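Please keep the sequence and the structure in view while reading.

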Amino acid sequence: MKSLLAPGHRGCAGCCDAMAAKFALMGAGEDCIVINPTGCLEVMTTPYPETAWDVPWVHSLFENAAAVGSGVEAALKALGKADKAKVLVMGGDGATLDIGMRSISGAFERGHDLTYVCIDNEAYMNTGVQRSGATPFNASTTTSPAGKVSFGNDRPKKNMPAIMVAHGAPYVATTSIGYPKDMINKVKKAVDIEGPTYVHAHAPCTTGWGFDTSKTVEVAKMAVQTGLWPLYEVEEGEVTKVRKIGKNIRPVEDYLKMQRRFKHLFTMEGGAEEIAKIQALANKNIEVYGL
Amino acid sequence: MAPENKLDKSKMVVVEGSYAVAHAAKVCRPNVISAYPITPQTHIVEDLSQFMADGEIPNCEYINVESEFSALSALVGSSAAGARCYSATTSQGLELMHEVLFNISGMRLPVVMTIANRAVSAPISIWNDHQDAISQRDTGWLQLYAENTQEISDMTAQAYKISEDKDILMPSMTCMDGFILSHVYEPVVLLEQDLTDEFLPAYEPEHVLDPKNPLSFGAFADPNYYTEFRYLQEQAMQKALKKIEDVANEFYDVYGRYYGGLIDEYRTDDADIIIMAMGSIVGTIKDVIDKLRDRNVKVGLLKVRSFRPFPVEAIKNVVKDAKVVVVLDKNISLGLNEGALFTETKSSLYNTDIRVPVVGYMIGHGGRDIKIDTIEKIIDEAEEVMKTGIKIESQFTDVKEELL
Ligand SMILES: Cc1ncc(C[n+]2csc(CCOP(=O)(O)OP(=O)(O)O)c2C)c(N)n1
Ligand SMILES: [Mg+2]
């Protein structure tokens with residue numbers, strides 16, 4: 001399959017955003033227009049006068065990508081070109097769950113025919129690994145650092161897919177860059193469904209999470225295999241498909257110990273209890289989704 | 001010599017200012033309208049919504065956004081995708097758009113937006129002054145101010161023609177005084193569809209988002225490149241100085257109506273005192289001038305239509321032989337105790353041979369009524385300045401001491 005994201009961009013070795021963008025484009029195909037908010041992906045792919053994008057691409061601001069996407073879609077309709085291009089918004093977790101929340105909520109409520117892919121690397125990577133609403137419980141980031149009296153981020157991830165389901169989106173899916181076929185197929189399905197569709201891609205960041213640049217895919221897979229990141233599809237409000245883990249399920253330690261951001265849980269007093277809380281989150285997912 | 005306005009009275013209908021503007025926007029054949037309601041802009045978007053509901057705007061989508069921030073953000077996408085775009089807002093809505101304003105102009109997207117000028121909070125006020133738009137002065141939008149409903153409606157078509165010009169490609173705000181113009185019922189000639197089709201060519205942008213020719217919009221520029229983007233924007237603003245004049249003349253040729261180009265003048269030929277102002281206050285000033293002229297006070301008006309780009313040469317040309325210039329501002333730069341038109345007029349004259357005293361009055365904040373008496377008093381004081389020089393350079397007008 002042809003990659004519509006050219007090599008030579010400024011992403012780190014093992015960059016999750018580059019993989020996510022590449023897979024999303026494989027799913028969407030070349031007849032698409034990409035809207036990309038501010039963040040790592042935008043900065044690393046378009047240092048003027050260069051661009052890595054082989055599809056039309058527009059970046060406006062950090063918090064408005066879904067609104068810009070609404071505008072692109074409306075223009076295509078008004079100009080009689082709606083069948084000529086899919087509208088594909090691709091934004092980071094900060095751009096999606098936090099600062100862009102109003103804009104994505106508005107776009108989905110209005111029912112624009114667009115697909116929104118959230119590339120969730122679980123923090124504001126572009127500005128140096130600050131916490132976001134997608135940062136997991138007990139992860140150490142630069143604004144939720146572990147310290148003498150802190151285990152790091154003290155809140156669980158915001159459940160963004162559920163919020164998008166609540167908007168009445170006809171299709172909401174979670175995926176992971178550890179499973180490229182899964183991601184490509186889900187984006188393809190999403191762009192082919194009329195109306196606002198949402199794909200939330202888990203994307204481990206080598207720099208922000210602290211693991212070797214060769215391990216991006218391995219870490220991504222482990223998140224799924226522990227039950228911390230369940231892969232599922234929701235169509236018209238109903239869960240229609242779940243990726244089962246079955247007997248191969250792994251304890252969350254196996255995932256946590258791969259990453260520097262959780263290192264303190266293995267060295268601090270009381271760490272074991274904290275890990276148990278994270279295991280409880282995974283168990284909940286296993287139960288809810290029948291993993 | 002400025003062309004003489006040939007208003008065809010037989011074509012006039014009595015409508016609300018907002019309706020005239022909405023009608024003008026419609027006649028300009030926009031492809032995407034995106035706006036969020038806020039007093040006193042609401043009637044414009046309601047009228048446009050009704051046009052949409054009645055199928056009166058062909059090839060157009062109206063996006064009912066959830067905020068002004070998204071209203072203008074959506075137009076980034078629409079304009080980049082090749083659509084002619086329209087919005088309208090005021091006050092809090094305009095301030096909420098601040099970040100997007102820079103973005104639109106930086107990307108050279110020729111969006112046109114009507115501003116029903118209103119004061120900004122706090123304290124919250126729905127009434128007119130110019131603080132909202134003036135505070136967006138440096139965002140790279142053309143800012144044109146209208147005197148009456150006829151002018152603001154016609155200015156819509158002019159703005160598209162200026163903004164979409166290949167040498168300009170900068171967005172425009174067309175400014176009308178909130179309530180004073182937006183809610184007044186006056187006879188106007190509604191912008192004519194046939195003439196507008198003749199005057200305003202279809203929007204055919206050179207660069208659009210199109211899978212057949214993939215381009216990247218909104219790349220990031222490191223210090224090697226950023227300066228030139230800003231420089232080119234300023235060049236476009238400078239070119240707009242002439243374009244605004246040209247378009248006003250072209251408009252006159254097609255429609256027979258004229259309101260000035262960058263500026264307009266009223267009884268300035270032999271004037272010792274020149275009053276400068278923007279917006280609907282100009283009408284009041286003209287009445288005062290007529291009255292005082294009867295008493296042989298040599299006073300004239302310089303109406304500023306274009307605040308951005310700022311018409312430095314045009315202003316110099318009018319005030320060079322005056323004995324005093326009085327600038328009225330419905331805004332203030334807090335901490336400088338001056339309104340923007342005053343500050344910029346002074347700066348236009350500095351480093352030149354023109355040695356005319358300039359005094360400033362900040363007036364009409366938050367919709368405070370501007371009375372004929374007040375203008376007369378200001379002109380009286382200007383006569384004093386002519387005799388004895390400047391005593392107070394810049395001041396608030398009509399402050400109620402008993403409330404302080
Ligand atoms: C209004 C605004 N606030 C803050 C920023 C600074 N900023 C730029 S990108 C970014 C974080 C991006 O995080 P995310 O969306 O998760 O994408 P990532 O870089 O992690 O892929 C921040 C905080 C900005 N550009 N604009
Ligand atoms: Mg992120």
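For chain A, an unreviewed UniProt entry lists residues 38-200 as "domain: Thiamine pyrophosphate enzyme TPP-binding"; UniProt positions follow the numbering used here, feature names are shortened, and annotations may be inferred rather than shown by experiment. The model is predicted: local features need pLDDT of at least 70, side-chain atom pairs count only at pLDDT 80 or more, and totals for chains, interfaces and linings use all residues. Residues are numbered from 1 along each chain as its sequence is written, chains are lettered from A and ligands numbered from 1 in the order in which they are written, and side-chain values use heavy atoms, with hydrogens and water left out.

Over residues 38-200, chain A is 34% helix and 18% strand (DSSP runs, numbered from the N terminus: helices are H or I of at least four residues, strands E of at least two). The end C-alpha atoms of this stretch are 18 Å apart.

Ligand 1 is surrounded by 18 residues, each with a heavy atom within 4 Å of the ligand. Among the closest are A:Cys40, A:Gly94 and A:Ala95. Because the surrounding residues come from chains A and B, the site is shared between chains. Helix H4 of chain A (residues 93-98) gives the largest share of this shell, 3 residues.

Oxygen atoms of ligand 1 lie 3.0 Å from a side-chain N or O atom of A:Asp17, 2.9 Å from a polar backbone atom of A:Cys40 and 2.8 Å from a backbone N or O atom of A:Ala95. Taken alone, ligand 1 exposes 590 Å², of which the protein buries 78% (Shrake-Rupley method, 1.4 Å probe).

Methods. A polar contact is a pair of N or O atoms within 3.5 Å; within protein, one must be able to donate a hydrogen and the other to accept it, and residues adjacent in sequence count only if both atoms are side-chain atoms.
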